[in-house]
Amino acid sequence: MKISASILAAKLTGLSSELPTYKKENIDLIHIDVMDGNFVPQISFGEAFTKEVKSHTDIPLDVHLMVSNPELHVPKYFDLKPYCITFHIETTNFSVRLAEEIKKQGIKVGVSLNPQTPPESISQILPYLDLVLLMTVDPGFYGQSFVKSGFEKIAAVRKLTKPYNIELEVDGGVNESNMEELAKLGVDITVVGSGLYKTGDPNAQGKKLKELAASARTRS
């Protein structure tokens with residue numbers, strides 16, 4: 001399982017010195033939460049900050065756009081060549097066109113669903129996707145607990161995506177207590193914030209989480 005480090009939970013003032021210490025065997029991706037204060041109530045990172053992050057690490061970026069009208073924002077991240085750009089299905093009526101624009105840049109396309117958004121909402125766009133990101137908390141509010149319906153929804157989305165070569169990513173409330181169950185459900189990428197940074201050693205914690213996931217899959 002890949003670990004995507006949600007740096008929103010890190011001490012941002014120390015990122016320039018901390019990012020170069022991340023080891024690829026422990027942390028696979030750097031998760032960038034872009035919030036516009038519209039689709040979600042908070043305002044966070046933008047393209048300038050994301051460019052600065054990229055200058056301090058060669059770990060691929062996992063760009064998650066929690067913004068209204070993502071078609072206006074997506075092109076800002078093309079030059080950074082992230083691992084993927086993910087937009088919310090709830091935010092646009094042009095998901096297919098947007099997906100095709102991202103793919104033309106050689107970047108993976110992701111679509112995200114809020115907890116209350118039914119899995120079937122992405123059924124028509126599945127052939128265009130490389131990744132589905134399931135929110136297991138309401139987006140835009142840091143430090144929430146994993147929603148009770150999360151496991152059931154993950155299973156439903158995995159069933160939908162099975163005929164396609166699509167990675168399944170989960171974001172929200174991921175930690176040691178649920179990593180093994182997520183692995184058993186076939187989750188490919190987990191976005192980890194406080195569950196990664198709480199110990200003060202994200203490399204060691206990332207290694208531990210990956211070991212938990214590997215052990216669970218061996219037993220299942």
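Buried here means under 20% relative accessible area and exposed over 50%, with partly exposed in between (1.4 Å probe, protein chains only). This is a predicted model, where local features need pLDDT of at least 70, side-chain atom pairs count only at pLDDT 80 or more, and totals for chains, interfaces and linings use all residues. Residues are numbered from 1 along each chain as its sequence is written, and side-chain values use heavy atoms, leaving out hydrogens and water.

**View 1. Eight strands close into a barrel.** From one strand to the next, the twist averages 25 degrees (axes are lines fitted to C-alpha atoms, for helices over the stretch in contact, and angles run from 0 to 180 degrees between N-to-C directions).

**View 2. Strand β5 meets strand β6.** Four bridges join β5 (residues 108–113) to β6 (residues 131–135), and the two run parallel. Look for G110, which stands opposite L131 in β6. Helix α4 (residues 150–161) packs on the sheet here, touching β5, β6 and β7 (167–171) (contact is heavy atoms within 4.5 Å). The direction of α4 makes about 165 degrees with that of β6.

**View 3. Helix α7 spans residues 202–219.** In α7, the buried residues are P202, N203, Q205, G206, L209, K210, A213 and A216. Seen down the axis, they fall within an arc of 170 degrees, so they line one face of α7 (the arc is that of directions from the helix axis to the C-beta atoms). On the other side of α7, T218 and R219 are exposed.

Definitions and conventions: Two strands pair if DSSP finds at least two bridges between them. The expected span of a helix is 1.5 Å times one less than its number of residues.
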